[in-house]
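Have the model open in your viewer, with the selection panel at hand.

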Amino acid sequence: MFEAMEMAPPDAILGLTEAFKNDPNPEKISLSVGVYKDDTGTTPILECVKQAESRIIENENSKSYLGIDGLAEYGPLVRDLIFGEDIGGRAVTLQTPGGTGALRVSGDFLKHKVGASTIWLSNPTWANHGGVFNAAGLNTETYTYLNESRTGLDFQGLLDSISQIPGGDVICLHACCHNPTGVDPTAEQWEQVAALCNERGILPLVDFAYQGFGNGITEDAAALIPFRQGGKEFIVCSSFSKNFGLYGERIGALTVVSEDDNTAPVTLSHAKRAVRTNYSNPPKHGGAIVSTVLSDEQLRSQWESEVAQMRNRINDMRDKFVKAMQQRNAPVDFGFIQSQRGMFSFSGLNKEQVDTLRNDHSIYIVGSGRINVAGLTDENLERFCDCVMQVL
Ligand code: LMR
């Protein structure tokens, strides 16, 4: 049975990590997978995380299973973080293995319990969105997102696209730091998007993987405000891979918001069934870390300053990249990179240029031209810019 199978293609993002590891060039640069690097090129463990872990290890007395929806204290803490306040009994939260786990559970829930058939994804979107939702049995369609130069938002195009989505379908939105483009709507534009979704009966699923990496922890949550205030149903899939640096611990959250307090426990009961038939219950350690940090005043404020440090370093690298390309008289104005936010930017480099960067210079970026700006450092910036100049 196995012999009849053909080799599957490598993953568009994680496949590059494998190729990078096998590249013997000592000057190789990885700007593919969305992992933060500090000035020294390492992906650090946050200090607040280290402190939380030592407290956890000291006090932990069992490795027994968690409940299907995770640690009891986790849900309220996550909701406070993403909504900035207690939103009462309308919302339920499940601890999930990463943001991807939250997306997949929501896909199962939407397909098998809500009866949704299609989810609309921004064009472009994270390379794994389509695969995750298709695996749950949902069809995928795309809506307009980028302007003609592919460096900013086509807001009218976005509204026009949403106006064509049938009621009862689901729309996947990125709360901040749009992956792969770094292009986000403003708070006012989010109000219009939310109003239109509500008017048309489209269910918003908000992927919230980069809270704090855009303009600030509170600022980045602005996208959720009009959805919450609109009083309609929506879903939020959070990830703590990036803002807590907990990539390998696989920790995220699925929050389902209903119109009323009575419906919320019903949604939870079905989401729990989706979990039980998938991975049974979530891993414990990442949830314990996030809960410990968010519930302790000193650790929380330390986390906030560590997130600010990461954010500032990324924005600094954006500025340095743009200046370095200007100094080289680049034939392209990269100024748009400075106004984009989060880990990623769409560089505008085409497939051929991306392939040349990889084959001739051992520089790895995603095929779409997405650059992980958080992988640039003072040490690799000059070589990166020289090589980009060559392929341009
Ligand atoms: C990315 O987009 O690079 C990250 O979200 C990591 C991943 O799993 O793809």
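**Ligand site**

Select the ligand and Gly-34: a ligand oxygen atom is 2.7 Å from a polar backbone atom of Gly-34, a polar contact (a pair of N or O atoms within 3.5 Å; within protein, one must be able to donate a hydrogen and the other to accept it, and residues adjacent in sequence count only if both atoms are side-chain atoms). This is a predicted model, in which local features need pLDDT of at least 70 and side-chain atom pairs count only at pLDDT 80 or more, while totals for chains, interfaces and linings use all residues. Residues are numbered from 1 along each chain as its sequence is written, and side-chain values use heavy atoms, leaving out hydrogens and water.

**Helix α13**

Next select residues 351-361, helix α13 (helices are DSSP runs of H or I, at least four residues; strands are runs of E, at least two; both are numbered from the N terminus). Gln-353, Val-354, Leu-357 and His-361 are buried (under 20% relative accessible area, with exposed over 50%; 1.4 Å probe, protein chains only). Looking down the axis of α13, these buried residues fall within an arc of 105°, so they line one face of the helix; the arc is that of the directions from the helix axis to the C-beta atoms. Turn to the other side of α13 for Glu-352, Asn-359 and Asp-360, which are exposed.
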